[in-house]
Amino acid sequence: MWILQMLAGTLCMSLAVNLFLVPLQLADGGVVGVGVILYYKFGIPTWVTTLVLNIPIIALGVKVKGWSLLWRTILGVGAFSGCLALTQGLPPVTHEIVLGIIYGGLLMGLGLGLVLRSGATTGGTDILAIVGQQKLGISVGTMVLLIDGMVLTAAGIVFSPETALWSAITLMISSKMVDVVNEGLFAAKGITIITANPPRVAERIMNEVGRGCTILKGIGAYTGQPRDVLYVVVQRGELALIKQIVAQEDPRAFMVVSDAHEVLGEGFRPHMPTTASPP
């Protein structure tokens, strides 16, 4: 159930904050980073900062995007703030900065990844980025980078430049972990093959590799002639055999190999059931 996944994610995030980030003064960007700074500057608990700062942010998001897209975010913010309050005061796991960066970043990324997989968010930077894109024409990635950059700069001023650099590494680790949770460690390869002998190449791929092929209809821009294009998705270890088959059947074939971070369907991961959003 998605709500259990969201709760597990917010619990992991709160443990990362209270066991690693706060004790080591690691401002992990966004609202969490602001919470760490305000905790040391004014003694404000991180759960209070998370809740209070997200109220106007969510209100702005609702005004721009409407309730239908943000109701899970409201639940996510409430759950995250509650978990932060429940785990506040737990003794830190380590005082070693490198260990704190690694495990704090991994745990934060794991939690946020679970929250995002549930269809929720914990507010903050994500909503501001969406609003910035719609109102200012700034891309989501650029907006997130600007916000996190300002938080890290503030951490450098309040704590030290060294702390800001450590915090930036924590942010990179957590961001990568989010990708791993949502896309998986498994990385498949999507292969596009333009060959003069598509039936034979497709037949050998299906028989020798055990992967289905899709035949796409294309037209050569230079010749104007119709031609078939093969598309196949394989596991990384099967790529060498595909290359061998194509080279043997058509040494002049044109082949494009790209990363496919997540593949759902027969022969790969099954589709996960989704829950309908409320009206």
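Q: Is Gln25 buried, partly exposed or exposed, and what relative accessibility does Gln25 have?

A: Let's start with the scale: buried means under 20% relative accessible area, exposed over 50%, and partly exposed in between, with a 1.4 Å probe and protein chains only. Gln25 counts as partly exposed because its relative accessibility is 26%. A word on the model: it is predicted, so local features need pLDDT of at least 70, side-chain atom pairs count only at pLDDT 80 or more, and totals for chains, interfaces and linings use all residues. Residues are numbered from 1 along each chain as its sequence is written, and side-chain values use heavy atoms, with hydrogens and water left out.

Q: What is the phi of Gln25, and where does Gln25 lie?

A: Most residues other than glycine have a negative phi. Gln25 has a positive phi, near 60 degrees. Gln25 sits in the loop between α1 and α2. Helices are DSSP runs (H or I, at least four residues), numbered from the N terminus.

Q: How do I check the length of a helix, and what span should α5 have?

A: The expected span is 1.5 Å times one less than the number of residues. Helix α5 (residues 97–117) has 21 residues and should therefore span 30 Å, which agrees with the 29 Å between its end C-alpha atoms. Helix α4 has 17 residues, and its first and last C-alpha atoms are 25 Å apart, close to the expected 24 Å.

Q: Which residues of α4 and α5 are buried?

A: In α4, the buried residues include Arg72, Thr73, Phe80, Cys83 and Leu84. In α5, Gly100, Gly104, Gly105, Met108, Gly109, Gly111 and Gly113 are among the buried residues.

Q: How many disulfides are there?

A: A disulfide is a pair of cysteine sulfur atoms within 2.5 Å. The count here is 0. Cys12 has its closest cysteine sulfur in Cys83, 9.3 Å away, which is too far for a bond. Cys83 is likewise in no disulfide. Cys12 counts as buried because its relative accessible area is 17%, and Cys83 is also buried, at 11%.

Q: Which residues have the most contacts inside the largest nonpolar core?

A: In soluble globular proteins, nonpolar side chains tend to be buried together. A nonpolar core is a set of buried Ala, Val, Leu, Ile, Met, Phe, Trp, Tyr and Cys residues joined through side-chain atoms within 4.5 Å. The largest one has 23 residues, and Val17, Leu21, Val32, Ile37, Phe80 and Met108 have the most contacts inside it. Helices α1 (2–21), α2, α4 (71–87), α5 and α7 each give two or more residues to this core. The largest share, 6 residues, comes from α1.

Q: How many cavities of 30 Å³ or more does a search find, and what lines the largest cavity?

A: Rolling a probe the size of a water molecule over the atoms shows where empty space is left. On a 1 Å grid over the protein atoms alone, a cavity is a set of points where a 1.4 Å probe fits but cannot get out, and a pocket is an open set with protein on both sides within 12 Å along at least five of seven lines; lining residues have an atom within 4 Å of a point. Grid points are joined across faces, edges and corners, and a volume is the space filled by probe spheres set on the points. The search finds 1 cavity of 30 Å³ or more. The largest cavity holds about 30 Å³ of space and is lined by Val17, Val32, Gly35, Thr46, Thr50, Phe80 and Leu84.

Q: What is the volume of the largest pocket, and which residues lie nearest its centre?

A: The largest pocket has a volume of about 590 Å³. Its lining has 28 residues, with Leu112, Thr125, Asp126, Val144 and Asp148 nearest the centre. Helix α8 gives the most to this lining, 5 residues. By class (Ala, Val, Leu, Ile, Met, Phe, Trp, Tyr, Cys and Pro nonpolar; Asp, Glu, Lys and Arg charged; the others, Gly among them, polar), the lining has 13 nonpolar, 11 polar and 4 charged residues.
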